[in-house]
Amino acid sequence: MESTGGPYLNTAALTSPVGIARLLQMTFGCTTFSLVAHRGGFSAAYGTFCMFVWTFCFAITVFIITCEFTHLHSCLSLSWGNFTAAFAMLATLMSITAAVIYPLYFVQVGCYPIGCEVRDFRIAASVFAGLLFVTYATEVFLTRAKPGQVTSYMATISGLLKIVQAFVACIIFGALVNDSQYGKYVATQWCVAVYSFCFVVTVVVVAFSVTGKTALLWFPFERSVVIYTFGAVLLYTSAAVIWPVFCFDSKYGSPRRPGLCAKGKCHWDSQLVIAIFTYVNLLLYVLDLAYSQRIRFVSHL
């Protein structure tokens, strides 16, 4: 007799290359935060961020695997292809950040004063954190849009770049609130406005793509995204010129790091981080604009 339960379960969600990558993500993620919670330990904002990354990515990965295995994603008002592609890219960025931060702040060569067992647990957690990043990067590689392929927007290079742009903007905001003195000049306030505007619009583009609501808009979504990307390039170009001038020119700021600036609480350091990542995001938006001329996508995959 033919089984009636077979059609309701999608075994390819577990046996396909992407499915195997997700199972490894779940395994490595659970192992990482379990090692840290058991004996490795964490503290301060850096450790809390790492634990959040590992538990958040683990929870969403379990959710994705469950939905695909049981076909429950068909009941959700989401563009599933856009959602999974966006999450894989975000998880890649978050996991590599945690994989760098945790060993940098918590792993040491010697046993003193934390003890050899705690040190070994932290080293093991760092190794699995690195493996976790590799598995998420593998999923991005496997699910990315191929040349000429009609696919969901977030699986394209342009869509993936949107996630990276938003992530870089979050780094800029973190540096801005760390005593960057951006309110000192109107020109630097303009730069903050540029960062904020581009971040909000990028998040809105991602949100519309993930929810599959682009077809409800009264204007052509694809063309509007390209126009916005061109505008973002111009805005970031202005910030890339203005911010260094008003922070590092001797007339307005300081070309060199002040000698009495405390490590971790120096406005010059924050300004330098913002300048670097301003140029990073400018490059990302330029690449986005170049790739957006060549993509074809649909919103309901």
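Student: Is cysteine 191 buried or exposed?

Tutor: Cysteine 191 counts as buried, because its relative accessibility is 0%. Buried means under 20% relative accessible area, exposed means over 50%, and partly exposed lies in between, with a 1.4 Å probe and protein chains only. One thing to keep in mind is that this is a predicted model, where local features need pLDDT of at least 70 and side-chain atom pairs count only at pLDDT 80 or more, while totals for chains, interfaces and linings use all residues. Residues are numbered from 1 along each chain as its sequence is written, and side-chain values use heavy atoms, with hydrogens and water left out.

Student: How many disulfides are there?

Tutor: A disulfide is a pair of cysteine sulfur atoms within 2.5 Å. By this rule the count is zero. Cysteine 67 is in no disulfide, as the nearest cysteine sulfur belongs to cysteine 75 and is 8.9 Å away. Cysteine 191 is in no disulfide either: its nearest cysteine sulfur, that of cysteine 247, is 7.6 Å away. Cysteine 67 is also buried, with a relative accessible area of 5%.

Student: Now the charged pairs, please. How many salt bridges does the structure hold?

Tutor: Here is the general idea: side chains of opposite charge can pair when their charged atoms come close. A salt bridge is a side-chain nitrogen of Lys or Arg within 4 Å of a carboxyl oxygen of Asp or Glu. The structure holds six of them. In one of these, arginine 22 pairs with glutamate 68, and the closest N and O atoms are 2.9 Å apart.

Student: Why does that pair tie together parts that are apart in sequence?

Tutor: Arginine 22 lies in helix α2 (residues 17–40) and glutamate 68 in helix α3 (residues 44–70), so the pair ties together parts 46 residues apart in sequence. Helices are DSSP runs of H or I with at least four residues, strands are runs of E with at least two, and both are numbered from the N terminus.

Student: What does lysine 162 form a salt bridge with?

Tutor: Its partner is aspartate 288, with the closest N and O atoms 2.4 Å apart. Lysine 162 sits in helix α6 (residues 157–176) and aspartate 288 in helix α9 (residues 267–292), 126 residues apart. Both lysine 162 and aspartate 288 are buried.
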